[in-house]
Amino acid sequence: WKILRLSEVDSTNEYAKGLIPDAPEGTVVVAKRQTAGRGRKGRSWASPKGGLWMSVLLKPPKIDPRLVFVGALAVADTLGDFGIEAWIKWPNDVWVGNRKISGVLTEVKRGYVIMGIGLNVNNEIPEELEGSATSMRDILGRSVGIEEVLKRLLEHLGRWYKTFLENPYLVVEEIRKRTILIGKEVRVLRDDNDLVGRIINISDDGSLLLDVDGQTVKVVYGDVSVR
Ligand code: BTN
């Protein structure tokens, strides 16, 4: 990994994008604070000081939506190192209990994948998210060394990325084990039409298999919420 550290930036994903095509695979951009952090679907992502806001440039042999799982698994394992049990909400969220602690945003540019990871470490959770988001500090009752978190996260990321390159099914298999919503009735929010059904499984290609009124529907994107 080649780590670039910034004190403030609009979005580490944007910054990392600007390094393409000169930056090598494995370039990491970390910022103390983002002024325009972004989440999926154009949502904003609160990124005050104290959190881990970073983007990694990867150059996989081909673009594969399952790559987002690599980020989620790495975050979950990092939390595990600190004694925090996390689960993954398909496709890109990491939750602890009923609160979100981290999100992964992958974007594609010129054969590169920009993998942005936001992890609430010691940062304050904005008031409007208090019931739905949490941080490592909130859970552990103490501040955590952000450098240690970054180090662990990059180790796990390297390991899961290697596994992904060798056999992406192993990554999907692990995601299945950590998705507590399999078998649950959910609503999948989508731009065009919402879907309501029961999660049957996550298919080998990474999509969600949903039972909607007895029909199996394959869902490639959307936000899952429990009914
Ligand atoms: C989501 O859950 O919607 C994804 C959130 C991703 C946030 C991270 S923070 C670092 C990187 N830079 C951004 O602007 N977004 C990602």
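The questions and answers below walk through a predicted model, from its domains to its sheet, its helices and its ligand shell.

User: Into which domains is the chain of this predicted model divided, and how far apart do the C-alpha centres of domain 1 and domain 2 lie?
Analyst: The chain is divided into domain 1, covering 2–177, and domain 2, covering 185–226. Taking the C-alpha centres of domain 1 and domain 2, the distance between them is 24 Å.

User: Which helix gives the largest share of the side of domain 1 that touches domain 2?
Analyst: The contact between the domains takes nine residues from domain 1 and six residues from domain 2. By class, the side belonging to domain 1 has six nonpolar, no polar and three charged residues. The largest share of that side, four residues, comes from residues 168–177, which form helix H5.

User: Which strands stand at the edges of the open sheet?
Analyst: Seven strands form the open sheet with mixed pairing, and their order is E1-E2-E3-E7-E6-E5-E4. An edge strand here has a single partner strand, so one side of it is left without a neighbour in the sheet. That description applies to 2–9 and 87–89, which are strands E1 and E4.

User: Do E1 and strand E2 run parallel or antiparallel?
Analyst: In general, strands of a sheet pair through backbone hydrogen bonds, and the pairing can be of either kind. Isoleucine 3 stands opposite valine 28, which lies in E2. Seven bridges join E1 to E2, residues 27–34, and these two strands run parallel.

User: Why are H4 and H5 called oblique to each other?
Analyst: Two packed helices are described by the distance between their axes and by the angle between those axes. The axes of H4, residues 146–166, and H5 come within 5 Å and cross at roughly 120°. Angles from 65 to 115 degrees count as roughly perpendicular and those over 145 as roughly antiparallel, and H4 and H5 are therefore oblique.

User: Which residues around the ligand come nearest?
Analyst: Helix H1, E3, strand E6 and E7 each supply at least two residues of the shell around the ligand. By class, this shell has six nonpolar, 12 polar and four charged residues. Of the 22 residues around the ligand, those that come nearest are Ser11, Gly39, Gly103, Gly116 and Gly118.

Conventions. Residues are numbered from 1 along each chain as its sequence is written. This is a predicted model: local features need pLDDT of at least 70, side-chain atom pairs count only at pLDDT 80 or more; totals for chains, interfaces and linings use all residues. Domain bounds come from an automatic or database domain assignment. Two residues are in contact if their C-beta atoms, placed from the backbone, lie within 7 Å. Ala, Val, Leu, Ile, Met, Phe, Trp, Tyr, Cys and Pro count as nonpolar, Asp, Glu, Lys and Arg as charged, and the others, Gly among them, as polar. Axes are lines fitted to C-alpha atoms, for helices over the stretch in contact, and angles run from 0 to 180 degrees between N-to-C directions. Angles under 35 degrees count as roughly parallel, over 145 as roughly antiparallel, 65 to 115 as roughly perpendicular and the rest as oblique. Two strands pair if DSSP finds at least two bridges between them. A residue is near a molecule or strand if its C-beta atom, placed from the backbone, lies within 6 Å of it.
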